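Colleague: Before I rely on any of the labels attached to this model, I would like to hear what stands behind each of them.

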Amino acid sequence: MDPTLALDAARMIHLIGLAMGFGLAIWADFSALRTFVQPMTEQDMRGMHRLHNSIIVGVLVLWASGLYLLYARTGFDLANFTPKLVMKLCVVGLMTINACVIAYFALPTYALYEGYRFGDIRFMTRLKLAVIAGVSLSCWVSALTLGVFTQLRPMSYEDLLPIFGSIFSVGLGGVVSFCVVVPAVIELVLRFSRPTDTVRYY
């Protein structure tokens, strides 16, 4: 096969894996948001497992195509690794670890609380789930940023670290705050919207 054609095919597959993983991760997050207002059902759990398995496929596609592109550009010679490439490897590595944490901690935890809303989960457990979700979102946004913006290619570590530090700070802080504040607000709304017994005076 023509080397140029092979590289173009690998880039296309890489982008498909990124789009697939990122799109399904957002879908999974929106699916989880339903548990803020209604109890988790067995059907919800099956759907989340299917989504997670599909996201894993996207991550594997990213690794396979990404390693091929990395070899084509650098020959796996560390002297040829740019800060952008190292950052991309770190982000996808963290994303992969986080996907394992979702499989072995987050999904089983949700299963334990089947029939309950997210706000009914113990606070510290809910906080851990929020951190996992925040890391996932931050990783996918970072991977998309690294794949789209060519302006990042010549940047040094000193230039890249503040950019991705900001992405992770906003992603983690936003998701954790959302998962702490919104369930509390929903609980207050539900509490005050419940009908109260009326007292009759004769």
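Modeller: What follows takes the labels in turn, helix by helix and pair by pair.

Modeller: This is a predicted model, in which local features need pLDDT of at least 70 and side-chain atom pairs count only at pLDDT 80 or more, while totals for chains, interfaces and linings use all residues. Residues are numbered from 1 along each chain as its sequence is written, and side-chain values use heavy atoms, with hydrogens and water left out.

Colleague: What makes α1 and α4 roughly antiparallel to each other?

Modeller: The axes of helix α1 (residues 3-33) and helix α4 (residues 123-148) cross at roughly 150 degrees and come within 10 Å. Helices here are DSSP runs of H or I with at least four residues, whereas strands are runs of E with at least two, numbered from the N terminus. Axes are lines fitted to C-alpha atoms, for helices over the stretch in contact, with angles from 0 to 180 degrees between N-to-C directions. Angles under 35 degrees count as roughly parallel, over 145 as roughly antiparallel, 65 to 115 as roughly perpendicular and the rest as oblique, and α1 and α4 are therefore roughly antiparallel.

Colleague: Which residues make that contact, and how do they divide by class?

Modeller: With contact meaning heavy atoms within 4.5 Å, α1 contributes L18, G21, F22, A25 and I26, and α4 contributes L137, W140, V141, A143 and L144. The residues of this contact of α1 with α4 divide into nine nonpolar, one polar and no charged, where Ala, Val, Leu, Ile, Met, Phe, Trp, Tyr, Cys and Pro count as nonpolar, Asp, Glu, Lys and Arg as charged, and the others, Gly among them, as polar.

Colleague: How do you know that the span of α1 agrees with its number of residues?

Modeller: The expected span is 1.5 Å times one less than the number of residues, so the 31 residues of α1 should span 45 Å, and its end C-alpha atoms are 45 Å apart, which agrees. For α5, the 37 residues should span 54 Å and the end C-alpha atoms are 52 Å apart, which also agrees.

Colleague: Why is H14 called buried?

Modeller: Buried means under 20% relative accessible area, exposed over 50% and partly exposed in between, with a 1.4 Å probe and protein chains only; H14 has a relative accessible area of 16%, so H14 is buried. H14 lies in helix α1 and touches L62, S65, G66 and L69, not counting residues up to four places away in sequence. A6, also in helix α1, counts as buried at 13% relative accessibility. What covers the buried residues of α1 includes α2 (42-74), α3 (83-112) and α4.

Colleague: What makes α3 roughly parallel to α5?

Modeller: The axes of α3 and helix α5 (residues 157-193) come within 10 Å and cross at roughly 25 degrees, which makes α3 roughly parallel to α5. The contact is made by P83, K84, V86, M87 and L94 of α3 together with Y157, L160, L161, F164 and F168 of α5. By class, it has nine nonpolar, no polar and one charged residues.

Colleague: And why is α2 called roughly antiparallel to α3?

Modeller: Their axes come within 11 Å and cross at roughly 165 degrees, and that makes α2 roughly antiparallel to α3.
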